[in-house]
Amino acid sequence: MDGKVHVPALCGKHSYRYPAVILAEALRGRFHAFATGCACPQAYLIQTEADGAHCKAVGAAEGISDMYEDLPGTEVVIHDEAGVFFCKRLPAADMATITNRQPIRPE
């Protein structure tokens, strides 16, 4: 194990990884969001929930980055053997609005 959770990307050809500590936090009711991508090149906005990680948006990296920056919450930096991982810890009060979104494509 490399301390990462491996998840198939929506493209069906690739996968993305995130630190297992983020999943452990989700199981405790503390949720995070992060931007990632695959080799297609597609970018994804991912949010952890009690049952795992969910894609909230897919599109060009610039649009996904803008969506990530607009999210409420505090940016957290996780250092591990694979390097540095950036994510946002989401405030509980905003979870209903964020969680109920279907995956969207930013314009």
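Tutor: A definition to begin with: patches are made of residues with over 30% relative accessible area and no salt bridge, where like charges are joined within 9 Å and nonpolar side chains (Val, Leu, Ile, Met, Phe, Trp, Tyr) within 5 Å. A salt bridge is a side-chain nitrogen of Lys or Arg within 4 Å of a carboxyl oxygen of Asp or Glu. Accessible areas come from the Shrake-Rupley method with a 1.4 Å probe, and for residues only the protein chains shown count as cover. This is a predicted model, in which local features need pLDDT of at least 70, side-chain atom pairs count only at pLDDT 80 or more, and totals for chains, interfaces and linings use all residues. Residues are numbered from 1 along each chain as its sequence is written, and side-chain values use heavy atoms, with hydrogens and water left out.

Student: Which residues form a nonpolar patch on the surface?

Tutor: Val-77, Val-84 and Phe-86, with about 250 Å² of accessible area together. Val-84 sits in strand 7, residues 83-89. Its relative accessible area is 46%, so Val-84 is partly exposed; buried means under 20%, exposed over 50%, and partly exposed in between (1.4 Å probe, protein chains only).

Student: How many helices and strands are there?

Tutor: Three helices and seven strands, in the order β-β-α-β-β-β-α-β-β-α along the sequence. These are DSSP runs numbered from the N terminus, helices being H or I with at least four residues and strands E with at least two.

Student: And which element has the lowest mean pLDDT?

Tutor: Helix 3 (residues 95-99), at 48, while strand 3 (residues 32-37) has the highest, 96. The protein averages 86, and 85% of the residues score at least 70. pLDDT is the predictor's confidence in each residue, from 0 to 100. Where it is low, the predicted coordinates should not be read in detail.

Student: Inwards, then. What share of the residues is buried?

Tutor: 38% of the 107 residues. The largest nonpolar core has 15 residues, and Tyr-16, Tyr-18, Phe-34, Tyr-44 and Phe-85 touch the most other members. Strand 1 (4-8), strand 2 (15-19), strand 4 (43-49), strand 5 (52-59) and strand 7 each supply at least two residues of this core. Apart from it lies another core of nine residues, including Ala-33, Ala-43, Ile-64 and Met-67. A nonpolar core is a set of buried Ala, Val, Leu, Ile, Met, Phe, Trp, Tyr and Cys residues joined through side-chain atoms within 4.5 Å.

Student: What does Tyr-44 contact beyond its neighbours within four places in sequence?

Tutor: Among others, Phe-34, Cys-38, Cys-55, Val-58 and Ile-64. Contact means heavy atoms within 4.5 Å.

Student: Change of topic: how many salt bridges are in the whole structure?

Tutor: Four. In one of them, Lys-4 meets Asp-80 at 2.9 Å, N to O. Lys-4 lies in strand 1 and Asp-80 in strand 6 (residues 74-80), so this pair ties together parts 76 residues apart in sequence.

Student: Is Lys-4 buried or exposed?

Tutor: Buried, because its relative accessibility is 9%. Asp-80 is partly exposed, at 24%.

Student: Which residues do salt bridges that share partners join into one network?

Tutor: Glu-25, Arg-28 and Arg-30. The closest N and O atoms are 2.8 Å apart for Arg-30 with Glu-25, and the Arg-28 to Glu-25 bridge is 4.0 Å. Glu-25 is buried at 17% relative accessibility, whereas Arg-28 is exposed at 55% and Arg-30 partly exposed at 28%.
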